[in-house]
Amino acid sequence: MTDLPPQDRATNRRGPQPFWSRRIRSPRVARLVGFAGLARLVGSVGLAGCSGGTDPAWFTDVAAAYGLADLADRAESSDYFMPESIAAGCALFDYDQDGDLDIYLVNGYRRPDGSLDPSMGANRLYRQTADGRFVDVTAESGTGDPGYGMGVAVGDMDNDGDLDIYVSNYGADKLYRNDGGGVFTDVTRQSGLEGSSWSASAGFFDYDNDGLLDLFVTHYVVYDSRIHDSVTDDVGLPEYRGPETLAGVPDTLYHNLGGGVFEDVSSQAGIADKPGKGLGLAFTDLNGDGRPDIYVANDREANFAWIQQADGTFVDEALRMGLAFNVYGRPEASMGIALGDCDGDQDLDLLVTHFVQESHTLYRRTGPAFYEDVSSSSGLGAATVDYTGWGAAFSDLDHDGDLDLLTVSGRVLRTLTLPGADVGEHWNPYAEPNQVFANDGAGHFSEVGDEYGTFCSELGVARGLVAGDVDGDGDLDFLVTGGDGAVKLYRNDVPKRGHWLTIRARDPELRRDAVGARVLVRAGGRRLVREVTHTASYLCSMDASVHFGLGDAARVDEVRVRWPDGVLEAFGPFPVDQPVELVKGTGTATR
């Protein structure tokens, strides 16, 4: 492989080729992937950084042992139904308020005749019990949506103190109101949220700061399997259709009116003016004006950076801010998003996962309203160019104070089946390894993985990835879901190099987590920042508590919270290695 930036390796002499037209021809995979990349994939000692070894793994898949079961394999219909190639997500959240994390898995199953099978394809809710195992409570909870599921958003839409569930589908979406006592009610029709577009990521956030969580839903393309047949690859085998021949769809912004009712305000907000092919989603203040903005990862089109104006409308400023394209001014096949301060400058950077031969893109924030593509200089460019990435998470795995990176992978165009692939005849040519990257503290990443067990060494077609402290030991564990229905729960046993703190920021008047708050921890001479959100990764949702690795700091000197309304409070000091709840109005007002 030449020493060109990864984006240049994704072109040939005719210049950049359309994403979905870059067919991976199995007999020539070495030429397209590059011999160095192929060696890294199928070298004699196994996958790079994932050779296995005999020492205990730092990540252990405990899904089956803890009571989780795989979902239906969506590809059993064998007709290359396009939505099955990019699904589905999952959520880690505490729906019953017992202090531990529960799991929601998005499912979907389609019969060969095109009809949905509700018994095979219903979503699943698992409650974590006192012994750490999970029990399937789908039936009694009423959350088993039988639609063709894509993603999930969680949030307390009615400020009653518990988390509600929104499910995005290929087809009509669903809203489940949490009524407490482990029971949910389908309130989709009366809520005004029953859309029919192909929805992807969704998330709750309070864009107008009225105390009620609004909802944003990304939409993908206009697709009807009765009209849009599957396609064939260069050797005549059936293959998944790509988005290049399909029209994009505008995303939707729903304003929460209270009383469980939402209004579609996409047109008046300016969102409906620009169709896209939306997949990933993140909320943060992109330009530093104190108002929440919206970032959308579009598939092979310019990404959106919807900047909120003073009047509540939004303007897409992604091009001006450096967030629309990669460093070469080219659109990429954007999927998942991770948000975090990679280089320790108290600004939140953006990582976007992409298609094979594009590399994942790291946008480093360099000013109040500007970002720079630092994929190559960060070490992520060349390391990710051979993979198709989906879910992504910044997490301090070893508590040294730096955010490491995890990404999950799996192709949507077949290639040579890699040695070790064991996910069934249909999915084997699409299977890839996941990746783990260690951060040196300055925002430079090195691929690691020997010690991470099957997270790296097993090949799969992973899509969803979400982090959360499932076992309550102070570090972050990881839930992964795959297109083949695989469900993995990786327990984090990484040897720790420091202490930790978990913070939950709550607003007592709203009776919920302060979604949109920014939390800054000062400890051991460092300043570490996180943002309170449920929206994560790709098609996923997470617990709104924020986790900090503290390095060798002996105590937390101070925690500052900028609440969504702009009020700034200071708390602390605190001992390390504990969860802390910070309640708005109980800290010291500061500036």
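Contact here means heavy atoms within 4.5 Å. Keep that in mind for the tour. The model is predicted.

**Stop 1: the largest nonpolar core.** This core has 54 residues. Select Phe-59, Phe-93, Tyr-104, Ile-165, Phe-455 and Phe-478, which touch the most other members.

**Stop 2: Phe-478.** Show what lies around Phe-478, leaving aside its neighbours within four places in sequence. Its contacts include Phe-59, Leu-406, Leu-465 and Val-466. Ala-393, Ser-395 and Leu-397 are also among them.

**Stop 3: another core.** Now select Trp-563, Phe-571, Phe-574 and Val-580. They belong to a second, separate core of 24 residues.

**Stop 4: Lys-277.** Go to the loop between helix H7 (266-269) and strand S18 (278-284), where Lys-277 is found. Is Lys-277 buried or exposed? Lys-277 counts as buried because its relative accessible area is 7%, and buried means under 20%.

Show the side chain of Lys-277. What does it reach at 3.1 Å? That is the backbone oxygen of Leu-246. The backbone oxygen of Pro-243 lies 2.8 Å from a polar atom of the Lys-277 side chain.

Finish with the surroundings of Lys-277, again leaving aside neighbours within four places in sequence. Among its contacts are His-219, Tyr-220, Glu-244, Asn-298, Asp-299 and Glu-301.

Notes: Residues are numbered from 1 along each chain as its sequence is written. This is a predicted model: local features need pLDDT of at least 70, side-chain atom pairs count only at pLDDT 80 or more; totals for chains, interfaces and linings use all residues. Side-chain values use heavy atoms; hydrogens and water are left out. A nonpolar core is a set of buried Ala, Val, Leu, Ile, Met, Phe, Trp, Tyr and Cys residues joined through side-chain atoms within 4.5 Å. Buried means under 20% relative accessible area, exposed over 50%, partly exposed in between (1.4 Å probe, protein chains only). Helices (H or I, at least four residues) and strands (E, at least two) are DSSP runs, numbered from the N terminus. A polar contact is a pair of N or O atoms within 3.5 Å; within protein, one must be able to donate a hydrogen and the other to accept it, and residues adjacent in sequence count only if both atoms are side-chain atoms.
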